[in-house]
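Please read them with the coordinates open.

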Amino acid sequence: MATSMQGFRPTSWLRAGAASLGLVLSAGAASAMDDFWTLQFGPTGGGNSVVSERQALRELERNPEPGLPTLSPANVKATREAIQRYTEIVQAGGWPTLPDEQVKPGEQSFAVVMLRDRLAASGELAAGGSRSDVLDSSLVEALKAYQSTNGLTPNGRLDRPTIAALNVSAEDRLKQLKTNLSRLSTLTQTTKSHRRYVVVNVPSAQVEAVALNRVISRHTAVVGMKDRPTPILRSNIYEMNFNPIWRLPPTVIREDLIPQARAAQAKGENLLVKTGINAYDGNGRKLDPAKIDWSSAAPRGYSYRQPAGKDNPLGFVKINFANSESVYMHDSPTDGLFGQNIRAASSGCIRVHNIERLAYWLLGQNDGWDQARVEKMKETGERADVRLASQVPLHFVYITAWATEDGTIQFRRDLYNRDGVAEIATSY
């Protein structure tokens, strides 16, 4: 590793876990939260079954390691140091631009030598090392480290997303660090006073549950599409709806339901009957779906609800917090998107993988709400609305570049093109 990286350890955050953290809790909540630390959620080991590399990488996307908190106050100092480091890189001439040449481990290519120079410039690979044009094991590990700290699937391949990320210029990366230092400085002034909080970093498409400046659990998320961005907000989680009724938000009604219902009507079909969604007029009266004229303007004034069930897009739990954007966090009846690297596919709300773990943690101070009860709600489909005994601060943030206290520098896609850098930084 290049000594000029000042302690840069690209994969050290992967080893940071929650087991060493002892929460300081009220006596009433201590028992429930003590149990939390010993529980396992999501896929567990067992047997000697062999899974494919693709399956293993999808599981890694679905179940990220806790790592270090994005909004730790220590990250402000670390990000300032990263800015100094990247200023030096820019002054030294930046790094080479790689050609669109995809290479797998073990393969030979002229692009591999350029890759070595590129990773040496940013510090994942020691300078002055091998000049081989083979993507060998040591270079694969350095490339995986780079992919992990740039929000890419760490497959050790020089694929198109990785090439695009590598080709974001040093100047643009420096600009991102400076832009995000301002964001971090403001946000960490707030979070440093929180004993526990939840943060959704939209560009990372991840959710962190944080207690005493340690990540208790990290969750893969699905965030808003580029044309339906997830809003940036600050609020408090106050309630959970188990097996909720889905009240369709205005954007979904306008952009999805009505156009699809019109298309179905043109083919002699009825979308409401097919999906089980109910329509209500302005007085709350349930309407006969067969009598709705989707070609008229009337459906725009109706409200729509879908009962709880296996097809309900909210899944088995919805997490509520006050906001003016009609967004919320929720489960999903399907988990295919959670295994993908790019997860900007919602209408603005946040879908959360392994949400039962987050629900259990949020309810840690509610008497009687242990792991078994949360799992029972999922199994039985029982309806319940539960107010949190203590509201939990929530932050939806837009952080695309930061450094953590261990010296690791992180970058993510500028998903909504808010950093003012080249478009290539948004597309990998």
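1. Terms and basis. Two residues are in contact when heavy atoms of theirs lie within 4.5 Å. The model is predicted, local features need pLDDT of at least 70, side-chain atom pairs count only at pLDDT 80 or more, and totals for chains, interfaces and linings use all residues. Residues are numbered from 1 along each chain as its sequence is written, and side-chain values use heavy atoms, with hydrogens and water left out.

2. Methionine 240. Leaving aside residues up to four places away in sequence, Met240 touches Val317, Lys318, Ile319, Ala359, Leu362, Leu363, Ala384, Asp385, Val386 and Leu388. Met240 lies in strand 4; strands (E, at least two residues) and helices (H or I, at least four) are DSSP runs numbered from the N terminus. Its relative accessibility is 0%, so Met240 counts as buried; buried means under 20% relative accessible area, exposed over 50%, and partly exposed in between, with a 1.4 Å probe and protein chains only. One of its contacts, Asp385, is 145 residues away in sequence, yet the C-alpha to C-alpha distance is 5.8 Å.

3. Confidence. The average pLDDT (the predictor's confidence in each residue, from 0 to 100) is 88, and 88% of the residues score at least 70. Over residues 1-50 pLDDT stays under 50, although the model has 85 contacts beyond four places in sequence for this stretch. Where pLDDT is low, the predicted coordinates should not be read in detail.

4. Overall figures. The protein has 12 helices and 14 strands. Of its 428 residues, 51% count as buried. Among contacts with a separation of 6 or more, 71% are between residues 24 or more positions apart. The accessible surface is about 19300 Å², with 48% of it belonging to carbon and sulfur atoms; the areas come from the Shrake-Rupley method with a 1.4 Å probe, and for residues only the protein chains shown count as cover.

5. Nonpolar cores. A nonpolar core is a set of buried Ala, Val, Leu, Ile, Met, Phe, Trp, Tyr and Cys residues joined through side-chain atoms within 4.5 Å. The largest has 59 residues, and Val198, Phe242, Met329, Leu358 and Leu362 have the most contacts inside it. A second, separate core has 25 residues, including Ala170, Leu184, Tyr197 and Ile409. Beyond four places in sequence, the residues touched by Met329 include Val198, Val200, Val207, Ile350, Val352, Leu358 and Phe396. In soluble globular proteins, nonpolar side chains tend to be buried together.

6. Helix 10. The buried ones are Ile355, Glu356, Leu358, Ala359, Tyr360, Trp361 and Leu362. Leu358 and Leu362 are also among the residues with the most contacts in the largest core.

7. Strand 3. What encloses strand 3 (residues 214-224)? It is largely enclosed by the rest of the structure, because 10 of its 11 residues are buried. Pairing here requires that DSSP finds at least two bridges between two strands. Strand 2 (residues 206-211) pairs with strand 3 in the antiparallel sense over 6 bridges, with Val207 bridging to His219. The two strands form a hairpin with 2 residues between them, and Leu212 in the turn has a positive phi of about 50°. Strand 3 also pairs in the antiparallel sense with strand 11 (residues 350-352) over 2 bridges; there Ala221 is partnered by Val352. Strand 10 (residues 344-346) runs parallel to strand 3 and is joined to it by 2 bridges, with Gly224 opposite Ser346.

8. An open sheet has the strand order 5-7-6 with antiparallel pairing. Strand 5 and strand 6 (278-280) are the edge strands, each pairing on one side only. Strand 6 and strand 7 (residues 303-306) share 3 bridges in the antiparallel sense, and Ala279 stands opposite Tyr304.

9. Positive phi at two asparagines. Most residues other than glycine have a negative phi. Asn243 has a positive phi of about 50° and sits in the loop between strand 4 (233-242) and strand 5 (246-247). At 7% relative accessibility, Asn243 counts as buried. Asn417 has a positive phi of about 55°, in the loop between strand 14 (409-411) and helix 12 (424-427). Its relative accessible area is 46%, so Asn417 is partly exposed.
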